[in-house]
Amino acid sequence: MNQRDVELLSAYLDGQLSPSDSARLESRIRSEPELDSVLDDLRAARALLRKLPKRRAPRNFTLTRKMVGLAPPLPRAYPAFRFATTLATLLFFITFGVNTLAPQFTSLAPAFGMGGGGEPEVFSVQEAPAQDAAPAAEAATEAPLESASSLVPEVTALPPAEDSARVIDTPAAKSGEVGNAESEDQTQIASESPSPAPVVPSGWMIIFAAVALLGSILMAVMRRSSANRWK
Amino acid sequence: MNEQALITDAQNGNLDAFNTLILHYQDSVFNTALRILGDEDKAADAAQEAFISAFKNISSFRGGSFKAWLMRTVTNACYDELRRQKRRPTTPLEPDTGDGDEMDSPRWLADPSMTPDQQAEADEVEHAIQHCLDNLPVEFKTVVVMADIQGMDYTEVAVAVRVPLGTIKSRLARARLRLRECLQGFAELLPASYRLDERSAA
């Protein structure tokens, strides 16, 4: 008897053989006691397995939505709110960025170009006295004319006339004070220069921020109410 | 229970429909896992995992025997658990009798409808069979559990295990023979009504 015979006997036990194969095997079983013995073994093992008690499940295995990662059904309008909120948030940050960065670009652009504008010239005013502070005596005779001629165009551009006059008139005598005086002047100039208007009106930024905030709140309310309905 | 309608509803995401199917099949699924794993807690975990996985993948069910499809899922969950056990072998915590011996018949397995003698008898038989099942290679064990304990036909078992019908026949025959040999070692332990008396068992 070989493995093939055991498989035939097992299938025969389960009624899985064709009628002709069954008949052939039955005749062999009658003539071969070993086959009959193995068939009895297989039958006994199967009977014993079938006698095993069926256990009841120790608990119900029913699933909750959380277990399978299902999200509560949201209102149909939810995607529209999500889109509007995302868009408003995006636009808010874009306008904020544009309004913050644009003035810096516009003020920097000339400095890299022709060297024009007020600030580079002003720096020369600041630096000149500081460098000439030590040789105050020699500068006292020469500086007024030179500096006056070189500073005239820019000094005239400065709003307070008396300050510019002071810069021109007393470079040598008050050489130690000139630096400080010039610094104060520059601070004054900077504070008095008009701040550039925002590229995008600030009203738009407020609208975008309001839409984004309102949309977020509404979406949170929708999610909460959907979750509550599902419970 | 209209099984096909419930399956269709479940495929459309209806969890309540799937839960109805679970209630119908949970004992079979749990018993299969219990006989493959030999441990009630692990079997419960595997059954739960199998149902979660089944719901998530129910769209892949294309008809045929739903029980066989479900058994394939629980078989996979059991194989995963066995692989985990292999990676992290643990010492089973069997109930203790108090004097250091393990209790053969845990209280939670007791059936209140049986007398103590009957219960002891049933426990002995169950333990012997489970012991022999545990000694089988897992692929043999799976086939014999489905065919002989769950009463599934060869085709269903083949679907569940995803092997050809001929392999099922071969594995089943060899598993039965091995079980027979193993159980002969318990012959004197088995009560008279459970003896491997082939003629009466037939």
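In which loop of chain B is the place of Arg162(B)? Arg162(B) sits in the loop between helix 7 (154-161) and helix 8 of chain B, where helices (H or I, at least four residues) and strands (E, at least two) are DSSP runs numbered from the N terminus. This is a predicted model, in which local features need a pLDDT of at least 70 and side-chain atom pairs count only at pLDDT 80 or more, while totals for chains, interfaces and linings use all residues. Residues are numbered from 1 along each chain as its sequence is written, and chains are lettered from A and ligands numbered from 1 in the order in which they are written.

Although Arg162(B) is not a glycine, its phi is positive, at about 60°. Most residues other than glycine have a negative phi. Arg162(B) counts as exposed because it has 10 C-beta neighbours inside 10 Å; a residue is buried if 20 or more other C-beta atoms, placed from the backbone, lie within 10 Å of its own, exposed if 12 or fewer, and partly exposed in between.

Chain B as a whole contains nine helices and zero strands, and buried residues make up 34% of its 202 residues. Of the contacts in chain B with a separation of 6 or more, 59% join residues 24 or more positions apart, a contact being two residues whose C-beta atoms, placed from the backbone, lie within 7 Å.

The two chains also touch each other, with 39 residues from chain B and 33 residues from chain A taking part. On the side of chain B that touches chain A, helix 2 of chain B gives the largest share, 10 residues. The classes on that side are as follows.

| Class (side of chain B that touches chain A) | Number of residues |
|---|---|
| Nonpolar (Ala, Val, Leu, Ile, Met, Phe, Trp, Tyr, Cys and Pro) | 25 residues |
| Polar (the others, Gly among them) | five residues |

How confident is the predictor? The pLDDT, which is the predictor's confidence in each residue from 0 to 100, averages 83 in chain B, and 78% of the residues score at least 70. Over residues 95-111 of chain B, however, the pLDDT is below 50, and this stretch has 15 contacts in the model beyond near neighbours in sequence. Where pLDDT is low, the predicted coordinates should not be read in detail. The model scores ipTM 0.77 and pTM 0.61.
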